[in-house]
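Here is the note you asked for on this entry, written for someone who is starting to read structures. Please keep the view open while you go through the points in order.

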Amino acid sequence: MTAEIRATAPGAPAPWCSSPEGIGGLLRGAGYLADEHTCTVLWLAGQLGKPVLIEGPAGTGKTELAKSTAAMTAARLIRLQCYEGLDESRALYDWNYQKQLLRILADSVGGAGQDGTWADLESGVFTDDFLLPRPLLEAIRAAEPVVLLIDEVDRLDVEAEALLLEVLSDYQVSIPELGTLSSRQTPMVFLTSNRARDLSEALRRRCLYLYLDYPAAEREREIVRMRVPGISAQLAGQITAMVAALRQLDLRQHPSVAQTLEWARTLLALGAEHLDAGLAADSLRTLLRYRSDIEVAAARLASGQLP
Ligand SMILES: Nc1ncnc2c1ncn2[C@@H]1O[C@H](COP(=O)(O)OP(=O)(O)OP(=O)(O)O)[C@@H](O)[C@H]1O
Ligand SMILES: [Mg+2]
């Protein structure tokens, strides 16, 4: 099931956004189980036309929430994957230099423009035809509904973060040679961060904030049942109880939802119907990523301190 497919006029509430409960149902239909708070933040974002900044530990569904929102609204997902060194020409727009050069050559061979001034020449090649839109501009210019995912924004340099501010507050991009390009709709925007570094106040001010923590064992069990077809309720419950207990330990890296799912798939592939201490100990390598963590968990299992 998807929501109504219609671009949102700037400033108007998103059409799919009738109530937080309704959003919960739509997300579930797209394969994402959100808690009440998440649905409320999404609803508010749609009502207010504001971006959502999602922070939280790795593998807790930050990126997936943006993807599922796109799926539930049948919107196009435009993704900007952030990394150190990302600049304007990769994030916003670039000029197609080869095409510009060809145009100038063609004009001079054909005699056109030979008498023209530098300004004529410049205005001839700095037009829409020669513009290469990158994800942020692509989202601003889209005529159809889009979800813009600015993933792992904490990997950006502080200076590059400033590139986002105009888009996030006014949904527009200023290009010196062309002027200001404004969006025809209010795109749904998500930014995700693992908190590798602190984001600027200016960026935070422009967004609604959502902290996605590890889900409660009950909800994680439902996620496992939804994402791992064929798994029994009993095995899913045992897996998520074990994972919840492991998250209480002092480990170097706590297992993420993604790792829980991987473990569940492994146990299912091994033909397990229920989880006992022996099977858990044998398969810990699928769940944990550090040798020291595996040793800590194995010791707890051996002493009967885990469920
Ligand atoms: N609430 C949820 N409902 C359904 N699936 C979920 C949920 N949360 C997490 N998942 C599953 O966990 C996987 C990992 O989620 P995702 O990649 O979105 O994590 P992340 O928070 O973006 O991690 P990272 O910080 O490493 O990028 C998803 O592919 C999805 O299968
Ligand atoms: Mg992610």
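The points below go from the whole chain to the sheet and then to the ligand.

1. Please keep in mind throughout that this is a predicted model. The protein chain contains 14 helices and nine strands, and the domain assignment divides the chain into domain 1 (20-89 + 142-211), domain 2 (93-129) and domain 3 (217-301).

2. On overall shape, the C-alpha atoms of the protein chain fill a box of roughly 90 × 45 × 35 Å along the principal axes. The radius of gyration is 24 Å, whereas a compact globule of 307 residues would have a value near 19 Å. It is also worth looking at domain 2 and domain 3, whose centres, taken over C-alpha atoms, are separated by 61 Å.

3. The sheet to find next is an open one of five strands, which pair in parallel in the order β2-β5-β8-β1-β9. Because β2 (76-81) and β9 (208-211) stand at the edges and each have a single partner strand, one side of each is left without a neighbour in the sheet. Neighbouring strands of this sheet are turned by 20° against each other on average, if direction is ignored.

4. Within this sheet, the parallel strands β1 (residues 52-55) and β8 (residues 188-193) are joined by four bridges, and Val52 has Phe190 as its bridge partner in β8. Helix α2 (residues 36-48) packs on the sheet, where it touches β1, β8 and β9, and its direction makes about 160° with that of β9. Helix α3 packs on the sheet as well, touching β1, β2, β5 (146-151) and β8, with a direction that makes about 170° with that of β5.

5. Which residues are the closest to ligand 1? Of the 17 residues that surround ligand 1, the closest are Ala58, Gly61, Lys62, Thr63 and Glu64.

6. By class, the shell around ligand 1 is made up of eight nonpolar, six polar and three charged residues. Domain 1 (20-89 + 142-211) and domain 3 (217-301) each contribute at least three residues to the shell around ligand 1.

Note on methods:
Residues are numbered from 1 along each chain as its sequence is written. Chains are lettered from A and ligands numbered from 1 in the order in which they are written. This is a predicted model: local features need pLDDT of at least 70, side-chain atom pairs count only at pLDDT 80 or more; totals for chains, interfaces and linings use all residues. A residue is near a molecule or strand if its C-beta atom, placed from the backbone, lies within 6 Å of it. Ala, Val, Leu, Ile, Met, Phe, Trp, Tyr, Cys and Pro count as nonpolar, Asp, Glu, Lys and Arg as charged, and the others, Gly among them, as polar. Domain bounds come from an automatic or database domain assignment. Two strands pair if DSSP finds at least two bridges between them. Helices (H or I, at least four residues) and strands (E, at least two) are DSSP runs, numbered from the N terminus. Axes are lines fitted to C-alpha atoms, for helices over the stretch in contact, and angles run from 0 to 180 degrees between N-to-C directions. Two residues are in contact if their C-beta atoms, placed from the backbone, lie within 7 Å. The radius of gyration is taken over C-alpha atoms; the globule rule is 2.2 Å times the number of residues to the power 0.38.
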